[in-house]
Amino acid sequence: MSTETEVVSVLQYLDNKSILVIGAAGFLANIFVEKILRVAPNVKKLYLLLRASTEKSATQRFKDEILGKDLYRVLKEKYGPNLNQLTSEKVTVVNGDVSLEDLGLQDTDLEHEMIHQVDAIVNLAATTKFDERYDIALGINTLGVLNVLNFAKRCAKINIFVQVSTAYVCGEKSGLIMETPYRMGETLNGTTGLDINHEKKLVEEKLDQLRVTEASPETITQTMKDMGLTRARTYGWPNTYVFTKAMGEMIVGAKRGNLPLVLIRPSIITSTIKEPFPGWTEGIRTIDSLGVGYGKGRLTCFLGDLNAVSDVMPADMVVNSMLVSMAVQAGKQKETIYHVGSSLRNPLKNKKLPEIAYHCFTTKPWTNKEGKLVRVRNIEILSSMASFHRYMAIHYLIPLKGLALLNIVLCKLLDKSLKDFHRKINFAFRLVELYQPYLFFNGVFDDTNTEKLQGIVLKTEAETEMFYFDPTVINWDDYFVDIHVPGLVKYVF
């Protein structure tokens, strides 16, 4: 429990505030915006930066991609036909692009308004693909942070900047991982010479080279993806995503000046546990691709260290920690890092995941497109990379060789089948290569700063109930069986 005597009311903090949300169409941003609209009717304005070709299409994107979601069901029930009035008063959609200088803002009047009105900026813009094209990942996750920061410095009233990062900027470290910043040029493997300007130059040179040789769009994409993974691994990060997010942290830490900075590092974000209702999710997130593959009968083995811990955190809890951290750190000219995860205080052992998946999909099997129930078997556990390679050799590589021989005998009649089979195997290997650092991850995230936050929330019953983010209250079996998997089946399958 916090030793600080300070107590903060989040609702009071939100009163009459104007907040610029960058990357407003994303999963976490959606939950963040919905929460504020639902619980803080006295917020002054939410400026939502969305990328679109025109202002009108940005507004259309907000209506279709944000308000149109099931996530807004509770808000719609609460306000009924008045919801349109509420959003037209409280929400201003801003057409812009985080990867451009000045956020690509076209409307100078709106830009002027924001510079004079904005109290807080929350940067949620990110591309989370592990093997994203390096030019795109660098543009959004690293240089995009600089563009947002430069805009923040022009805002007259701003008193808090929130950068949402990821706990996995730590790479493949094991043991207790502290809430400490990465300094400019710091690397995970001690290799010197990491320079963000140099990385930008390398990307530009590579793209120029590809254009000169008139490379196909497919070749350009693959080359830029490979470049990202190579650059990340040069400095000790396992993939492009966490490498570019770490460099984003370096930029904001080094160049913030006196701007109060909150760095939120969530672990693996999963569906909502409670608000606006349990089980809302969107898209297949990191850990879910395994569950979905298994439920659909496509995944027959689980690769991972069963004794390691998967650090999972429901999305609404992450959003609540963000809101409390904003209220607490506003106006304090320092940088504070918050690990938002569960591995230290309520660890979820990997061995639970296959058990839960088997339980869920045997008691309620998934129905496929043909209307047939998919029967799942107890999953085969592969606890090392060597056992994975053995498994693949027996089940896939040997049959592949047989198929290749048969194809020769049949004068290449099986070319298509052979190509498909080959593609599937390569896909499995690539997927495992990308996910392997997390399946065998042995780090635990220290969350001292985040735990302190819980002691600072105003202890009125309403606010304690409203801004919950204590991972110790989660019962993992109940959460996965009753909330998360049904949510996945409903929104993703």
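## Ground rules

The model is predicted, so local features need pLDDT of at least 70 and side-chain atom pairs count only at pLDDT 80 or more, while totals for chains, interfaces and linings use all residues. Residues are numbered from 1 along each chain as its sequence is written, and side-chain values use heavy atoms, with hydrogens and water left out.

Helices (H or I, at least four residues) and strands (E, at least two) are DSSP runs, numbered from the N terminus. "Buried" is under 20% relative accessible area, "exposed" is over 50%, and "partly exposed" sits in between, with a 1.4 Å probe and protein chains only.

Take helix α7 (residues 134-154) to start. Of the 21 residues in α7, 16 are buried, so the helix is mostly covered.

As for cover, 15 of the 15 residues in α12 are buried. After α12 comes Gly 331, with a positive phi near 85 degrees.

## A buried strand

Strand β3 (residues 91-95) is mostly covered too, with five of its five residues buried. In a regular strand the side chains alternate between the two faces of the sheet. Here Val 91, Val 93 and Asn 95 point one way from β3, while Thr 92 and Val 94 point the other way, and all are buried.

The partner is strand β2 (residues 45-50), which runs parallel to β3 and is joined to β3 by five bridges; two strands pair if DSSP finds at least two bridges between them. Leu 46 is the residue standing opposite Val 91 in β3.

## Salt bridges

A salt bridge here is a side-chain nitrogen of Lys or Arg within 4 Å of a carboxyl oxygen of Asp or Glu. By that rule the count is 22. One of them joins Asp 135 and Arg 133, at 2.7 Å from N to O. Asp 135 counts as buried because its relative accessibility is 18%, and Arg 133 counts as buried at 18% as well.

Glu 249 pairs with Arg 265, the closest N and O atoms being 2.8 Å apart. Glu 249 lies in helix α10 (residues 240-255) and Arg 265 in strand β7 (residues 261-266), so this pair ties together parts that are 16 residues apart in sequence. Both ends are covered: Glu 249 is buried at a relative accessible area of 1%, and Arg 265 is buried at 2%. Then there's Lys 352 with Asp 477, at 3.0 Å from N to O. That pair links distant parts of the chain, helix α13 (residues 352-363) and helix α18 (residues 476-491), with the two residues 125 apart. Lys 352 is partly exposed at 25% relative accessibility, and Asp 477 is partly exposed at 33%. Glu 34, Lys 35, Arg 38 and Glu 275 are linked in a network of salt bridges.

Most residues other than glycine have a negative phi, and most peptide bonds are trans. Against that background, the peptide bond from Glu 275 to Pro 276 is cis, with omega near -5 degrees. Pro 276 sits in the loop between β8 (268-270) and α11 (288-295).

Asp 102 has a positive phi, near 55 degrees, and lies in the loop between β3 and α6 (108-117). Leu 103 lies in the loop between β3 and α6 and has a positive phi near 60 degrees. Is Leu 103 buried or exposed? Leu 103 is buried, with a relative accessible area of 0%, whereas Asp 102 is partly exposed at 41%.

## A loop contact

Asn 350 is in the loop between β13 (348-349) and α13, and counts as buried at 3% relative accessibility. Asn 350 and Ser 310 are 40 residues apart in sequence but 5.9 Å apart in space, C-alpha to C-alpha.
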